[in-house]
Amino acid sequence: MKKITALLGILGAVGMYTACSSDTVSGPSDDNGLSGLTSSSVSADSGDNSTGSPTSGSSTNPVVKDSVVHQTVIITVTSSGSHEVPYPSDKTVFCWTDKCEKEYGNATPQSSSSSISIQVTMSSEAQTPPTVTENKMIDQRDQKEYALIRIGGLHWMAENLNYETKNGYFCSFQESGDVCATYGGFYTNGTAQRVCPEGWRLPTESEFKAAIEAQEWKWWNFGGRFKLENNEPIEYGDDKKLGYLWVADNKYIQLKNYADDGTKEYEVHDASERAYNVRCVSEQ
């Protein structure tokens, strides 16, 4: 019996020695459930992103090569000025153990006189989808409302577009006053090709002809046109006599308002150096 007791005592001592010599680093689990990490899991070779056991001769403790460094990034936003936000560099001490945290957690960051300036600019003509119902569209670019109608399976604007662009948009010449308030905007061909709201476009020649046949003649606007020279207006005329609307594929349609009996007269021409009105369509 004494021999058995002695043997058990020896085995217990060996077990206690083995447990004490283990290199397991225990500690409380963090938010990511990282606990019970062994020192062999931390590689001393910071120049390699590979995983696995450390190479021969490497230390089993984390090697700290650099102190904590912070940089500042200045983000300049056109509409709201400049802001400074901290931006940590990639040379940062990250501690797994309490001992490391005590030694390096309060390290004084190195000051840096350099900064990075980032200019953020938003385009005033960025495309924004309009709000569309069956009978109305709200252009989210300027909150103007337009009546809509269905013609030949397409959603048509029932009035001319009046979205002000930086270039290629005209409303007055000499004593004409603001004709855009009455007839909608007058655009060059280049501007007209891209001025419709997102998801909308200029009608094709065949779509225009179908709409002319489907609608009463007074449904169209006869607001005349601007003659241009070097992209500047030199004349405004044909008010109440002729209507001009841009068509896809660099064409325009001329609506005549000469007949008193309501006869529909129109012609299609190739683009010229003029400023005409726009009506947009959509398949939605």
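Biologist: Which arginine lies over the face of tryptophan 219?
Modeller: That's arginine 279, at 4.5 Å from the ring centre. Keep in mind that this is a predicted model.

Biologist: And what lies over the face of tyrosine 163?
Modeller: Arginine 141 does, at 3.8 Å from the ring centre.

Biologist: Back to tryptophan 219: which aromatic cluster is Trp219 in?
Modeller: Trp219 forms one cluster with Trp156, Phe208 and Trp220.

Biologist: OK, new topic. How many aromatic pairs does a search of the whole structure find?
Modeller: The search finds 15 of them. One is phenylalanine 186 with phenylalanine 226: the ring centres are 5.2 Å apart and the planes are at 80 degrees.

Biologist: Why is that pair called edge-to-face?
Modeller: Planes over 60 degrees apart count as edge-to-face, and this pair is at 80 degrees, so the label applies.

Biologist: Where do the two phenylalanines lie?
Modeller: Phenylalanine 186 is in strand S9 (residues 186-187), and phenylalanine 226 is in strand S10 (residues 225-229). The pair therefore ties together parts that are 40 residues apart in sequence.

Biologist: Are they buried or exposed?
Modeller: Phenylalanine 186 is buried, at a relative accessible area of 0%. Phenylalanine 226 also counts as buried, at 0% relative accessibility.

Biologist: What about tryptophan 217 and phenylalanine 222, how are those rings arranged?
Modeller: They form a tilted pair, 5.8 Å centre to centre with 55 degrees between the planes. Both tryptophan 217 and phenylalanine 222 are buried.

Technical notes
Residues numbered from 1 in each chain as written. Predicted model: local features only at pLDDT ≥ 70, side-chain atom pairs only at ≥ 80, totals over all residues. Heavy atoms only, no water. Phe/Tyr/Trp six-rings, centres within 6.5 Å; stacked < 30°, edge-to-face > 60°. Helix = DSSP H or I, 4+ residues; strand = E, 2+ residues; numbered from the N terminus. Buried < 20%, exposed > 50% of the residue type's maximum accessible area, 1.4 Å probe, protein only. Lys NZ or Arg CZ within 6 Å of the ring centre and 35° of its normal.
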